Amino acid sequence: MVRLNEIRPGEVAVEAPEPRDAGLVFVGRIHTPWSDRMLCPRQGRLDGPVCRIEVFEPWAAALDGLAQYEKVEVLYWLDRSRRDLVRQSPKNDGTTRGTFSLRSPARPNPIGTSLVALVSIERNEVLVRGLDCLDGTPLIDLKPDRCAFTPLAPPQQGDFERG
Ligand code: SAM
């Protein structure tokens, strides 16, 4: 099993504060073909399998308008991660680095992000390609691809002044 409680050479774990999840509301659940971390891709691929994002009520109405985007950013909570590593030794990499220089799922706040290809949206279900999370992973948020998103209002004088 990858990254359960093992410590690899060079890694450093700390006495992490008791995790409190900052009042996040999980807005759905992600259904993928992977229930085994060994088989789950390290990063999603746009030609990967179709995965189903189930959006819970009352949030399905929040999907209105998303279908116009080809790419969508998915934010999810890597709920089965350890959260106490400050230095990590990526598998097969031969180096040890700080957690914030890695995209490892083991991090103090285990947020994962993927830019995925939108396949379809039907009622409260979003089908996408490009995910890399385990089946049942909690959904935090969906956002249009930032490159394709046009802000509703142009910048105005004062927007960038320090308050
Ligand atoms: N694409 C995201 C990112 O860059 O933020 C996540 C990358 S992370 C390297 C992906 C790995 O996290 C998977 O290969 C799997 O080992 C692990 N993983 C996936 N879902 C998880 C979950 N729900 N809890 C803990 N680990 C998970």
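Where is Asn92 found? Asn92 sits in the loop between β5 and β6. The model is a predicted one, in which local features need pLDDT of at least 70, side-chain atom pairs count only at pLDDT 80 or more, and totals for chains, interfaces and linings use all residues. Residues are numbered from 1 along each chain as its sequence is written, and side-chain values use heavy atoms, with hydrogens and water left out.

The protein has zero helices and nine strands. Helices (H or I, at least four residues) and strands (E, at least two) are DSSP runs, numbered from the N terminus. From the N terminus on, the order of elements reads β-β-β-β-β-β-β-β-β. The C-alpha trace spans about 50 × 45 × 30 Å along its principal axes. Of the 163 residues in the protein, 36% are buried. Buried stands for under 20% relative accessible area, exposed for over 50%, and partly exposed for values in between (1.4 Å probe, protein chains only).

Strands β1, β5 and β6 form an open sheet. Their order is β1-β5-β6, and the pairing is antiparallel. The edges are held by β1 (12-13) and β6, each with a single partner strand, so one side of each has no neighbour in the sheet. Two strands pair if DSSP finds at least two bridges between them. For β1 and β5, two bridges are found, in the antiparallel sense. Here Val12 stands opposite Arg87 in β5.

Strand β2 (residues 28-31) has antiparallel pairing as well. Four bridges join β2 to β3, and Ile30 stands opposite Ile53 in β3. Three bridges join β2 to β9. On that side, Arg29 stands opposite Pro138 in β9.

A nonpolar patch lies on the surface. Val12, Val14 and Val86 form this patch, with about 190 Å² of accessible area together. Patches are made of residues with over 30% relative accessible area and no salt bridge; like charges are joined within 9 Å, and nonpolar side chains (Val, Leu, Ile, Met, Phe, Trp, Tyr) within 5 Å. A salt bridge is a side-chain nitrogen of Lys or Arg within 4 Å of a carboxyl oxygen of Asp or Glu. Accessible areas come from the Shrake-Rupley method with a 1.4 Å probe, and for residues only the protein chains shown count as cover. Val86 belongs to strand β5 (residues 85-88). Val86 counts as partly exposed because its relative accessibility is 38%.

The loop between β5 and β6 (97-98) also holds Ser89. Is Ser89 buried or exposed? Ser89 has a relative accessible area of 6%, so the residue is buried. The side chains of Ser89 and Thr96 are joined by a polar contact of 3.0 Å. A polar contact is a pair of N or O atoms within 3.5 Å; within protein, one must be able to donate a hydrogen and the other to accept it, and residues adjacent in sequence count only if both atoms are side-chain atoms. In contrast to Ser89, which is buried, Asn92 is exposed, with a relative accessible area of 78%.

Some backbone angles deserve a note. Most residues other than glycine have a negative phi, and most peptide bonds are trans. Asn92 has a positive phi, near 60°. Arg123 also has a positive phi, near 50°. Arg123 lies in the loop between β7 (111-122) and β8 (125-129), and is exposed at 70% relative accessible area. The peptide bond from Glu57 to Pro58 is cis, with omega near 10°. Pro58 is placed in the loop between β3 (50-55) and β4 (71-77).

Gly130 lies in the loop between β8 and β9 (137-144). Its relative accessible area is 4%, so Gly130 is buried. Gly130 and Pro49 are 81 residues apart in sequence, yet 7.4 Å apart in space, C-alpha to C-alpha.

An N or O atom in the side chain of Arg103 is 2.6 Å from an oxygen atom of the ligand. A backbone N or O atom of Cys40 lies 3.4 Å from a ligand oxygen atom. For Thr137, an N or O atom of the side chain is 2.9 Å from a nitrogen atom of the ligand. The protein covers 98% of the 600 Å² of accessible area that the ligand has on its own.
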